[in-house]
Amino acid sequence: MLRESSNIGTIKHEVLYEVAKLVFQGELEEKKETLPLEMIPGPQANFRCCIYKEREIIRQRIRLAEGKAASPGSENKNIVQVISSACEGCPITRFVVTDNCQKCMSKKCQASCNFSAISMLRDRAHIDPTLCKECGKCSQACPYNAIADLMRPCKRSCPVDAISMDENNIVVIDEDKCINCGSCIKDCPFGAISDRSFMVDVIRLMESRDIPVYAMLAPAWEGQFGGQVTVGSMTEALKELGFDGMYEVALGADFVAASEAKEWSEALEEGKKKTTSCCPAFVKMIRKHYPTLMDHISTTISPMAATAKLIKAIHPEAVCVFIGPCIAKKEEVLDTIDLGGADYALTFDELESMMRAKEIEPKTFGEHLQQGSIYGKKFCISGGVTASVVQSLKETTGDTNISVRVCNGALECKKALVLLKAGKLPEDFMEGMACEGGCSNGPGSILTGRVANVNREKLFAQADNREIHENLKTYDQYEFSMHRK
Amino acid sequence: MIITICIGSSCHLKGSREIVQKLENLLKLHNLNEKVELVGSFCIGNCKSGVCVKVDNELFSLVPEDTENFFTSEILRRLTYDCYQL
């Protein structure tokens, strides 16, 4: 039930939950029209100006939960979508003079402005919004820090400048630039940006019972359901939900570490610089914004694809569903359908809604289960991929002398890519993760920050210290290519 | 050229994965991997007929057995036409 205190997270979650419940009951088609009315019964509005706006927001969110574009009739194919009815059109001009202004004698702001946008009022400077080109020079020039940069939160959060406004100030995402990292979803204070979901498809396939559906949990999952829910207990809960089994993506990550170590060693001999390929938003950033660097992307497939390929080598008919903190993975699925990898991708958010819809709570005990090594498990933390590759080198050639630039977050990725493009990157390799801190801070998480870290550390501490290559030996009999074409 | 194949649950059950595999093999056979890109899409909304496949915004409805025919009559034809245009 939505109340006045409902925040963006709960609204998104409640809609996913209600939709999941209807799909499990087989009643989505007949009841989805009335769902907004049930969720917002009125007559009092809860969180917006009126119930009609609230219902429209719910209606658009239902479309996203079904995997459709947020607005009917829209041809937009992006994963990240604008919920136009929820966008406030933030009526803010970017640079604003604050009370700190002393109307000083030097008037450095005025001198720095190339567009004559700054005039002096009675007690402070004033920026004419019609003349301001948002270059930011005045803000840098002011000795009192009196000019605030009030960029719209969505625009500020986008690392690739894909966000602009239409004539009504409603946010527009440029599909050609967007890398689906989900940063704006996290940062919009009105929850006006969200992502499409494969949830309905996955539930329908599980319910059809014709084909085995396997869940693949991304390493960042540990700790998302509390510090007590182990791999074993989560596997039980997923089976109760309707999956036929669960594989840890940390296992695929072990395959990736081994393959990457080999590929990097070869590249080093040839004197070629390489980047990682596991973060889909980082890979997309290179493809869309630094296309000349595409050859530098390692051809090793992602841990998600590796895990799915392993599952399909064991169970050829399996449908493989990645469940992680990542929104860009949904696009990776669509982009790589010819790879024979993952068939669908869900977020932890969506998984939690599905479990609630079926009234399943993961138990806090269960048999001990571990598929991935601790190195694979730590792929979800910035620096974790590099550490695993180094470990793999240690186990094989013994030569761990490689220099890697660990790029933590999209901005660091961008800086390093600019250097690489200019031929000035001092390191031989680049680990790129678009989310700051790594996947563990992904936009599809249930918990982030300290709570998530504490839980995760607790669970990681229970893992044994098996080595990567020792772990892979278990799967020697299964053959599949670890490279994209 | 981009061929979009729906991977929604309904199309999945009707064999979208098999169609992708067949198209991939045909593209390899004709050495067209560089020219034609296969991408997936969320449910296209035409679930009543076969698997939804889109070529240049034109919607087709396929069953896996039709794949070869579709490839020759639509994909190859379009590509040869493009060649003549050049």
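**Reading the fold and the backbone**

Guide: Chain B holds 3 helices and 4 strands. Please keep in mind that this is a predicted model.

Visitor: In what order do the elements of chain B run from the N terminus on?

Guide: They follow the pattern β-α-α-β-β-β-α. With a radius of gyration of 12 Å, close to the 12 Å that the globule rule gives for 86 residues, chain B is as compact as a globular protein of that length.

Visitor: What box do the C-alpha atoms of chain B fill?

Guide: Taken along the principal axes, the box is roughly 40 × 25 × 20 Å. As for burial, 47% of the 86 residues of chain B count as buried, where buried means under 20% relative accessible area.

Visitor: What do the contacts in chain B say about sequence separation?

Guide: Take the contacts between residues at least 6 apart in sequence: 67% of them join residues at least 24 apart.

Visitor: And how should I read the surface and charges of chain B?

Guide: The accessible surface comes to about 4,700 Å², and carbon and sulfur atoms account for 50% of that area.

Visitor: Where in chain A is A:Pro43 found?

Guide: Look in the loop between helix H3 (35–39) and helix H4 (51–65).

Visitor: Which phi does A:Ser116 have?

Guide: A:Ser116 is not a glycine, yet its phi is positive, at about 50°. Its place is in the loop between helix H5 (108–112) and strand S3 (118–120) of chain A.

Visitor: Is A:Ser116 buried or exposed?

Guide: A:Ser116 counts as exposed because its relative accessibility is 61%, and the cut-off for exposed is over 50%.

Visitor: What about A:Asn180: which phi does this residue have, and where does it lie?

Guide: A:Asn180 has a positive phi of about 55° although it is not a glycine. You will find A:Asn180 in the loop between strand S7 (171–173) and helix H8 (183–187) of chain A.

Visitor: Is A:Asn180 buried or exposed?

Guide: A:Asn180 is buried, with a relative accessible area of 0%, whereas A:Ser116 counts as exposed.

Technical notes:
Residues numbered from 1 in each chain as written. Chains lettered and ligands numbered in written order. Predicted model: local features only at pLDDT ≥ 70, side-chain atom pairs only at ≥ 80, totals over all residues. Heavy atoms only, no water. Helix = DSSP H or I, 4+ residues; strand = E, 2+ residues; numbered from the N terminus. Rg over C-alpha atoms; globule rule 2.2 N^0.38 Å. Buried < 20%, exposed > 50% of the residue type's maximum accessible area, 1.4 Å probe, protein only. Contact = heavy atoms within 4.5 Å. Areas by Shrake-Rupley, 256 points an atom, 1.4 Å probe, with all protein chains shown as cover.
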